[in-house]
Amino acid sequence: MPLPSRIVLSMGQHIGAPAAPQVAKGDQVLVGTVVGKAGGFVSSDIHSGVSGTVDSIITITAPNGAPQTAVVIIPDGKQTVDPAIAPPTVTDLKSFQDAVRASGLVGLGGAGFPTAVKLSPKNLDEIDTLLINGAECEPYITSDNRCFLEDTQYILDGIQAVMKYLEIPRCIIGIEGNKPEAIAKMKSVATAGIEVKELPCRYPQGAEKVLIENCTGREVPFPGLPSDVGVIVMNVTSVAFVGKYLATGMPLTTKRLTVDGDIIKEPKNVEVVIGTPVQELMDFCGGFTEEPGKVLYGGPMMGNCIADLSQPILKNNNAVLAFSKKMAQLPKPTNCIHCGRCTNACPLGLSAKEIVQAYNDGNVELLIELNADLCMSCGTCSFVCPAKRPLAPSIALAKIMMKNGGKK
Amino acid sequence: MDNKLIVTAAPHITSGDSTQKIMGRVCLALCPALVASVIVFGINALILTAVTVAACVFFEWAYCKLMGREIPVADLSAVVTGMLLAFNMPATLPWWMAIVGAFIAIVIIKQLFGGLGYNFANPAIVGRIALAVGFASRMANYPKPVNGIDALASATPLAVEKGVLGAGEYVTLLLGNHGGVLGETCALAILIGGCYLIATKVISPMIPVSYLATVAVLSLIGGYDPIVQLLSGGLMLGAFFMATDYVTSPTTDKGKLIAGIFMGVVTCAIRFFGTMSEGVSFAILLMNLVTPYIDALTRQDKLGIAKKKKEAAK
C-alpha cells in the first residue's frame with residue numbers, strides 16, 4: 001500500500017516494558033532509524049518505517065485501554081534508508097541473539113513477546129524441538145498463509161538459523177489442513193530435520209500449549225513455559241522475519257496483515273508500514289460499505305476492539321477486521337442451561353461454567369481448585385454457549401479475582 | 001466520521017446455536033413418539049399433549065409475568081417439559097390432572113427454584129411422580145390401544161410380565177401397540193427421536209447407552225428377559241429424553257457414564273425387588289439429586305495440570 005500521510009509509532013508494541021522515545025519533535029528520521037529504545041530486558045526497540053520528520057510525541061490509548069506514548073512521523077516520501085542498515089554479522093549464539101534483539105522482532109502471531117528473550121531460554125541444552133506455528137486458526141485471518149507462499153525461502157533461512165545457533169536438532173512446522181498450498185510448498189523445500197505437520201482445522205489449534213500437545217504429544221506443565229518440555233514455539237511470520245533480517249538487516253518496520261470483515265469493500269492481505277493509522281488502511285481497502293460497528297485488531301475470537309480509527313497498526317497485528325453494527329451486537333445472554341458445551345469444548349480441560357459460578361459466588365478456593373488461572377482466554381466457551389453467556393470475559397475477571405485474593 | 005465504535009471483550013462472534021434451537025430439536029425429536037401415540041391411543045393422546053403443553057407454557061408465562069421477570073417462553077423449554085410430562089400420562093387421564101401436573105412441574109420445580117437452569121430435578125419427572133403418587137389409580141389406568149377389542153384398563157407389559165408375557169411379543173413392544181402411557185409405548189419412535197438428538201449433537205450417547213446397557217446386563221444376571229426390560233415401561237423415553245436433561249445431569253462423559261450406570265442399577269432394583277412395577281422415574285430423580293456430586297468428582301483433566309500431579313506422585 002502507498003505511504004500513509006503519517007505514522008504513529010506506539011512505544012508499547014510488545015509484552016514487557018515500553019520503549020523510550022529516542023527522538024524529539026523536528027528530528028529527521030530515515031527508514032530503519034531507531035525511534036524507541038527497549039526499556040528493559042523484556043522489551044523491544046521500535047524503528048521508523050518511513051523517512052521523514054518527527055511531528056510530535058503524543059499519548060494514545062493502547063488496545064488494553066491504558067495510555068501509551070507514541071511518536072508521530074510525517075513521511076517525506078523519499079524513503080531514504082538509514083545508512084546504518086546492513087546485514088548483521090552473526091557467528092555464534094550470542095551474536096545471533098543480539099541481532100534478533102536489534103531487529104525489534106516480537107512474536108508476530110499476536111502475543112508480541114520479544115523474540116530475543118524467547119530465543120534465550122535458561123535451559124538451552126534441553127531444547128530439542130523448534131515448533132513453527134502456522135496453524136492460523138482464527139477465522140478470517142490468512143496472512144500467515146500468504147507468508148508461507150511468498151516468503152518460503154526466508155522461512156527456511158530463519159528456521160535454519162535458529163536451529164543452527166541454538167543447536168536444535170528438530171523442527172516441526174504445524175499448518176492447519178485448510179492451507180494445502182502452504183503445506184505443499186513447505187514440504188517441497190523442507191530440509192533435513194524439518195518436518196511439516198498437517199493439523200486438523202480446529203480452533204484454537206494455534207494456541208501454544210494446544211499446538212505443542214498436538215505436534216509433540218508433550219504437555220506443558222502449569223505454571224510453566226514451552227521450554228520446560230524442550231520446545232520453542234515461533235510464529236511462521238516471526239521466523240520468516242528472522243530469515244529476512246539476517247539477509248537485509250532491515251528491522252521490523254512493515255507488517256503483512258489481513259483486512260476483512262463483512263463491511264470491507266475490498267478484503268485483502270496488505271503489507272503496511274507499522275504505525276499506519278487504521279483509517280488510511282481502511283481507505284486503501286476501498287473503505288466501508290456501511291458504517292462500522294466494531295473494528296478489531298486481530299481475529300474475532302481473541303482480537304481487541306479499537307476505540308477509533310486513528311489508532312495505528314502495531315507490530316503484532318495480523319489482521320484488522322471491521323464488522324457492521326448488526327454483527328457487532330452480540331446476542332443477549334440467557335440462563336445457563338448447563339449443557340456443558342463450554343466445559344467439553346475447552347482446549348485446556350477447564351470447567352468454564354463452574355469457574356463463572358465460583359466467580360459470581362466470590363469463591364476463591366474453588367477458583368484455585370478449578371485452575372481458573374490456566375485459562376488463556378481463547379473464547380471457545382463463549383463461542384459455543386447456546387445461552388450466549390460471556391464466559392470468557394467472566395473467567396478473565398475470575399483470574400483477576402484470584403490474584404487479588406477474593407476482591408472483584 | 002464519528003468515533004462511536006463498539007468496544008466489547010473478545011470473542012466477537014458466537015456460534016449459530018441457541019437454547020431455543022436446541023429445545024426446538026428436542027420437540028422435533030419427540031414428534032415420532034407423539035405420532036405413534038396418536039396411532040396407538042387415538043386423538044385423545046394429541047389433545048392431552050396439547051393441553052399439557054399449553055398449561056406448561058401458560059404457567060411459565062403467568063409466573064414470570066406475576067414476578068416481573070422476563071418472559072422466557074420463547075426458549076421452548078416449557079414446551080419440552082409439557083410434551084415429556086404428557087408422554088408420561090395415560091390417554092384417559094382427565095385434563096385437570098394434567099394441568100395439576102404442569103403446575104407442579106413448571107411452577108414448583110422449575111420457577112420457584114429460579115427458572116431454567118436452576119431446577120435441581122427434571123420438572124417433567126417430578127410432575128409425573130407427583131401425579132403417580134397423588135392420583136395412583138388414574139395414572140395407572142392404562143388404556144388398551146384403540147384398535148384393540150375393548151378400551152378397558154389393561155396392565156402395562158411390565159406389570160403383566162411378572163406372569164404372562166411371552167417372548168413372541170417383542171414386535172408389539174417395539175411398535176408400542178399395547179397398554180401404557182402416551183409416549184412410552186412405541187420404543188421404535190423414541191429410538192428414532194433419540195438417534196436424531198445424538199446425530200444433531202443435542203445429547204451425547206453416553207447416558208442412554210450406559211443406562212440401557214446396565215439394565216440389559218442386570219436383567220441377564222437377574223434372570224429377566226433383557227429385551228422386554230429394555231423395550232417396556234418408561235426406560236426408552238427416560239434414557240433418551242429425561243435422563244439427558246442438561247440441567248439435571250452430569251456434564252462430563254465420565255460423569256454421564258456414572259449417572260447411566262447408577263440409574264440402571266436403581267431401575268433394576270425397583271423393577272426386580274420393589275413393589276412398583278416401574279422404577280425409571282425414581283431412578284432419574286435420584287440421579288438428579290446426586291448430579292452436583294458426580295460433577296464435582298468427575299471433572300476432566302486439565303492440560304498441564306494432570307501431568308504435574310502425576311509427577312508429584314512419583
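Predicted model: local features only at pLDDT ≥ 70, side-chain atom pairs only at ≥ 80, totals over all residues.
Residues are numbered from 1 along each chain as its sequence is written, while chains are lettered from A and ligands numbered from 1 in the order in which they are written.

Chain A contains an open sheet of four strands in the order 10-9-8-11, with parallel pairing. Helices (H or I, at least four residues) and strands (E, at least two) are DSSP runs numbered from the N terminus, and two strands pair if DSSP finds at least two bridges between them. Strand 10 (194–199) and strand 11 (231–235) of chain A form the edges, each pairing on one side only. On average, neighbouring strands of the sheet are turned by 25° against each other, direction ignored; axes are lines fitted to C-alpha atoms, for helices over the stretch in contact, and angles run from 0 to 180 degrees between N-to-C directions.

Strand 8 (residues 129–134) of chain A runs parallel to strand 11 of chain A and is joined to it by five bridges. A:Leu131 stands opposite A:Val233 in strand 11 of chain A. Helix 7 (residues 236–248) of chain A packs on the sheet, where it touches strand 8 and strand 11 of chain A, and its direction makes about 85° with that of strand 11 of chain A.

Between the chains, 49 residues of chain A are in contact with 34 residues of chain B (C-beta atoms, placed from the backbone, within 7 Å). Strand 14 of chain A gives the most to the side of chain A that touches chain B, with five residues.

Notes. Contact = placed C-beta atoms within 7 Å.
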